[in-house]
Amino acid sequence: MICKRALPFRLLYKKGTNVKAIASGTVKEIKEDLMWGWTAVIEHEGGITAHYCGLQSNLSIKPNQKVDMGEVIGGVGDIPCEVAESEHFHFELYKDGKPINPLDFLGKTIETQALGNGAVD
């Protein structure tokens, strides 16, 4: 299930649910952010950069690592700045540094096909 606000998207999944790369790419950065918790930033082809926020600290990727589409990068964790009504993580997508709607990039509905190919399992 997805709660659409402006950006980022809030993806509702139970803590520990596998989070997967939406496309092949290179891990640019992994950081513990005071607002978003553990965050992985992955650069994909075509100037696309994905931010996976609110992950568990035991990520299965490292900076500069190549990842394949659908590869598990970690599990849903916590978002420190929020008192959430349900467990979730945030997903942000940028093209050439500007925020874009993830549904435009994925070209599918997040609830049905897109997350089966990437994002969570």
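A nonpolar core is a set of buried Ala, Val, Leu, Ile, Met, Phe, Trp, Tyr and Cys residues joined through side-chain atoms within 4.5 Å, where buried means under 20% relative accessible area, exposed over 50% and partly exposed in between (1.4 Å probe, protein chains only). The model is predicted: local features need pLDDT of at least 70, side-chain atom pairs count only at pLDDT 80 or more, and totals for chains, interfaces and linings use all residues. Residues are numbered from 1 along each chain as its sequence is written, and side-chain values use heavy atoms, with hydrogens and water left out.

**Nonpolar core**
- The largest such core comprises 19 residues, and those with the most contacts inside it are Val19, Ile42, Tyr52, Ile61, Ile73 and Phe91.
- At least two residues of this core come from each of the strands S5 (37–44), S6 (48–55) and S9 (88–95); strands are DSSP runs (E, at least two residues) numbered from the N terminus.
- The most is given by S6, with four residues.

**Strand S5 and its neighbours**
- Six of the eight residues of S5 are buried, so this strand is largely enclosed by the rest of the structure.
- S4 and S5 pair antiparallel over eight bridges; pairing requires that DSSP finds at least two bridges between two strands.
- A hairpin of three residues joins S4 to S5, and Thr39 in S5 is the bridge partner of Lys31.
- S5 and S6 run antiparallel and are joined by six bridges, with Trp38 opposite Leu55 in S6.

**Salt bridge**
- The structure holds one salt bridge, defined as a side-chain nitrogen of Lys or Arg within 4 Å of a carboxyl oxygen of Asp or Glu.
- Lys28 forms a salt bridge with Glu43, the closest N and O atoms lying 3.7 Å apart.
- Lys28 is in S4 (residues 25–33) and Glu43 in S5, so the pair ties together parts 15 residues apart in sequence.
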